[in-house]
Amino acid sequence: MPAQLVSIEVAPDLVDQVYRALLGAISSGTLAPGERLTQEDIAQRLSVSRQPVLQALRLLKKDGFVLDAPGRGVLVAPLEAEAMRKVYQVRGALDALAARLAAQLCFRIDPKLMERGRRAARGRNVEAMLDADVAFHQAIYAASGNPLIGQSADPHWRHLRRAMGAVLQAEPQRESLWDEHEAIAAAIAAGDAERAARLSEEHVSQASQALGERLAQLSRGAARAPITPPKTKGDKA
């Protein structure tokens with residue numbers, strides 16, 4: 001009789017944990033565009049060694065989330081409106097297709113998922129808002145019955161999370177997003193494929209427009225920010 005083995009839970013790879021922690025902070029705005037990051041500081045803040053931090057930063061650089069900085073460390077990459085507009089174009093096409101296929105099956109999105117999104121929108125945790133938003137769209141991808149839709153969209157969602165994070169930091173956008181989600185879900189459940197596809201395209205188009213407006217707002221704010229002169233030895237601390 002073969003010996004029985006006790007199943008164990010495999011802990012996520014440490015590099016992946018560091019990567020996800022940094023990406024989450026970048027997406028939520030905790031780490032702002034242009035902020036300098038060093039291996040030593042991150043390792044200390046996350047209570048890990050420098051090696052997984054180094055590898056995670058290499059991955060973030062490869063994926064376009066950080067850039068080489070003059071001197072030591074890296075900088076959080078800026079959000080580029082034109083690049084994100086193109087990502088949203090691709091997402092719009094995929095979301096519309098997924099919604100149309102899901103509507104043909106009269107799929108009903110779990111009400112608990114909608115409740116989770118509304119609850120997150122009323123809170124202050126941007127990462128919770130992002131998780132709920134992504135879960136809604138992934139539910140539609142899964143309901144479409146075509147796994148290639150989710151697989152095609154997945155590489156873009158890391159950048160989309162960051163774009164959405166920038167928008168969700170502005171409070172007026174939060175509840176309206178879930179009003180749009182409710183309308184899409186209702187059209188899918190009713191089997192109205194054309195309406196579901198149209199609402200999905202409009203939802204993505206409005207999200208892209210909101211990002212552009214948010215980035216323009218941030219740019220104007222940066223331009224108006226006063227420049228503080230460096231202190232001299234005679235200045236008081």
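**H6 against H7.** I began with helix H6 (residues 126–143) and helix H7 (residues 147–168), which pack at about 150 degrees with axes 10 Å apart. Helices here are DSSP runs of H or I with at least four residues, numbered from the N terminus. I note that axes are lines fitted to C-alpha atoms over the stretch in contact, and angles run from 0 to 180 degrees between N-to-C directions. H6 and H7 are therefore roughly antiparallel (over 145 degrees).

**Source notes.** This is a predicted model, where local features need pLDDT of at least 70, side-chain atom pairs count only at pLDDT 80 or more, and totals for chains, interfaces and linings use all residues. Residues are numbered from 1 along each chain as its sequence is written, and side-chain values use heavy atoms, leaving out hydrogens and water.

**Who touches whom.** I looked up the contacts (heavy atoms within 4.5 Å): the H6 side includes Val 126, Leu 130, His 137 and Tyr 141, and they meet H7 residues including Ile 149, Ala 153, Trp 157 and Leu 168. The contact of H6 with H7 divides into ten nonpolar, three polar and four charged residues. Nonpolar covers Ala, Val, Leu, Ile, Met, Phe, Trp, Tyr, Cys and Pro; charged covers Asp, Glu, Lys and Arg; the others, Gly among them, are polar.

**H1 against H3.** Next I checked helix H1 (residues 14–28) and helix H3 (residues 50–62), packed at about 55 degrees with axes 8 Å apart. Among the residues in contact I found Leu 14, Val 18 and Leu 22 of H1, and Pro 52, Gln 55 and Leu 59 of H3. The tally for H1 with H3 is twelve nonpolar, one polar and no charged residues.

Note on methods:
Helices (H or I, at least four residues) and strands (E, at least two) are DSSP runs, numbered from the N terminus. Angles under 35 degrees count as roughly parallel, over 145 as roughly antiparallel, 65 to 115 as roughly perpendicular and the rest as oblique.
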